[in-house]
Amino acid sequence: MARQKGLMKYVGTIGDVRHFKIKGQQGFFAGMVGGPTAEQVKTAPEFERTRENMNEFGGCARAGKSVRTALSALMSKMADSQVTGRLTSVMKKINLEDGTEARGYRKVEISTQRNYLLGFEFDKKLSLSGVFNAPYDVTHTAGRDSADFTVAPFNPADLISAPSGATHFRLINALAVVADFVYNATTGTYEPDDIVNNELSVIEYSPYIPLNTAFAGSTLTATFPTAPTLGTNVTVIQCIGIEFFQEVNGNYYAFNSGNCLRIEDAF
């Protein structure tokens, strides 16, 4: 595949060459026109493996979308432009671990492969540990309906890398439920194994905390508003994060940069 480096910027086809953009990457790209028809991909025996991959990829994409939907209130300020693809990639790793179903119909059994989610940064260019280095701990109840984010006393000036101009920050403790996804032969699609609890979420924020004053420490508790019955076929994802603000005359203005969110635990 060629990559255009000149000043001409266009998309479309000229002769046998098509020109296009790739989301998240700089510049314009070019490639040859051609390839199999849609009908060939759907029916030809030589594309059986392709169809299997496409089917499972769709299931992985739906599982990743459930995570993003549950945390939609945070996505616009915490996630990068490639978070959709990166979450789908994690789900595909989980999908490949299933040894019970035929290829093309393997489950996205998150509940047995939760380790793949741990440490996932919603912005790959900004890790939580690169911004927030205060001592903390996370715990959850046996019923998985509540979880704590406990931060010990610390000096923000020493342990937080805040963007220039920020005066305050808030800590975030978020819980999201994502079910295992299984192939439904009747509908021909992947569906959550627990449609009732899938995408259930709760997000808790700390008060606005000044960056220039020692922090006394606190526990931020996130609890689902109802008491859901969570089976073995669902996973609760606990995300922790930090966001920054500038205080002006008692008003707090959110920063678009420096905010970050990570999957800290999955249970």
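Guide: Among contacts (heavy atoms within 4.5 Å) in the protein chain between residues at least 6 apart in sequence, 69% join residues at least 24 apart. This is a predicted model, in which local features need pLDDT of at least 70, side-chain atom pairs count only at pLDDT 80 or more, and totals for chains, interfaces and linings use all residues. Residues are numbered from 1 along each chain as its sequence is written, and side-chain values use heavy atoms, leaving out hydrogens and water.

The secondary structure comprises six helices and 15 strands, taken as DSSP runs (helices H or I, at least four residues; strands E, at least two) numbered from the N terminus. Of the 267 residues, 42% are buried, that is, under 20% relative accessible area, with exposed over 50% and partly exposed in between (1.4 Å probe, protein chains only).

Within this chain, the part to examine is helix 4, which covers residues 83-96. Its 14 residues reach 20 Å from the first C-alpha to the last, close to the expected 20 Å; the expected span is 1.5 Å times one less than the number of residues. Val 83, Arg 86, Leu 87, Thr 88, Val 90, Met 91, Ile 94 and Asn 95 are the buried residues of helix 4. An α-helix has 3.6 residues a turn, so residues three or four places apart point the same way.

For contrast, a loop: Arg 144, between strand 5 (136-140) and strand 6 (146-151), has a positive phi near 65 degrees, though not a glycine. Arg 144 is buried, with a relative accessible area of 12%.
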